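Reader: I am new to this structure. Please take me through it in short steps.

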Amino acid sequence: MKGEEIAHRTLELNGIMMHVAEKGEGPVVLFLHGFPELWYSWRHQIVSLASRGFRAVAPDLRGYGDTHAPPDIAVYSIFHLVGDLVALINALGQEQVFVVGHDWGAILAWNLCVFRPDKVKAMINLSVIFRPRHPVVRPVDFFRQHYGDDYYICRFQLLRSLMLLNPPFPDLSRSPNQGPQDRDCKMNQIKIG
């Protein structure tokens, strides 16, 4: 549709290349997608808010879509992920933003508010309540106890164990989206800092 083009660019920040979709001018609303989603989940909200005087921004989070997926699992800690958001907010030239999170993005939004409340003007989260980390019970054990072994997070633990025990599995450390992409939009490579 005419007038609904969403701009795409890649920013170098916090040690990764992050894909960002954005549209509009005005106060920034930062949309954080869930699992297993991408910026695309927010396409309708981006267009709608941009038409109402906001700058709507939706990144592909670390390890998703066209954003770099480092192979080392140690760089996916909540500190790295919140650091990505802080670096993105800074790269956008903003002191504070409105944050909207869904699912996994909601967990990141909660943690952004916990660790860097100075960067958040206001927050709206969908589908995930704030749940502070239990001092004794590991998150996977909590999920297993409440939802059983078939809960997707518990199943991922099993898959990871199988992959470590049986190396013939394909190399999943590399994102399937790394490399040249066929897309209908133009990407601008911008190096920040």
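Reader: How many bridges join β2 to β4?
Author: This is a predicted model. In it, β2 and β4 run antiparallel. The number of bridges joining the two strands is four.

Reader: Which strand do seven bridges join to β2?
Author: β2 spans residues 16–23. Its partner here runs antiparallel to β2.

Reader: Which residue takes a positive phi in the hairpin of β1 and β2?
Author: Two residues lie between the strands of this hairpin. The phi in question is near 50°. The residue that takes it is N14.

Reader: Is β2 largely enclosed or open?
Author: Buried means under 20% relative accessible area. Seven of the eight residues of β2 are buried. The rest of the structure therefore leaves β2 largely enclosed.

Reader: And β1, how many of its residues are buried?
Author: β1 holds seven residues. The strand is mostly covered. The buried count is five.

Reader: Which residues of α1 are buried, and how wide an arc do they cover?
Author: Helix α1 runs over residues 43–50, and I46, V47 and A50 are buried in it. They sit on the same side of α1, because the arc they cover around the axis is only 90°.

Reader: What covers those buried residues of α1?
Author: Strands contribute to the cover. β2 is one of them. The cover also includes β3 (28–32) and β4 (55–59).

Reader: Is F130 buried or partly exposed?
Author: F130 lies in a loop, between β6 (120–126) and α4 (139–147). Exposed would need over 50% relative accessible area, and buried under 20%. F130 has 39%, so it counts as partly exposed.

Reader: Which residues form a nonpolar surface patch with F130?
Author: The patch has about 400 Å² of accessible area together. Besides F130, its members are F79, V114 and F115.

Reader: How many helices and strands does the chain have?
Author: From the N terminus, the elements run β-β-β-α-β-α-β-α-β-α-α-β. That secondary structure comes to five helices and seven strands.

Reader: What share of the chain's accessible surface belongs to carbon and sulfur atoms?
Author: The chain has 193 residues, and 35% of them count as buried. Its accessible surface comes to about 11,600 Å². The share that belongs to carbon and sulfur atoms is 58%.

Definitions and conventions
Residues are numbered from 1 along each chain as its sequence is written. This is a predicted model: local features need pLDDT of at least 70, side-chain atom pairs count only at pLDDT 80 or more; totals for chains, interfaces and linings use all residues. Side-chain values use heavy atoms; hydrogens and water are left out. Patches are made of residues with over 30% relative accessible area and no salt bridge: like charges are joined within 9 Å, nonpolar side chains (Val, Leu, Ile, Met, Phe, Trp, Tyr) within 5 Å. Accessible areas come from the Shrake-Rupley method with a 1.4 Å probe; for residues, only the protein chains shown count as cover. A salt bridge is a side-chain nitrogen of Lys or Arg within 4 Å of a carboxyl oxygen of Asp or Glu. Buried means under 20% relative accessible area, exposed over 50%, partly exposed in between (1.4 Å probe, protein chains only). Two strands pair if DSSP finds at least two bridges between them. The arc is that of the directions from the helix axis to the C-beta atoms. Contact means heavy atoms within 4.5 Å.
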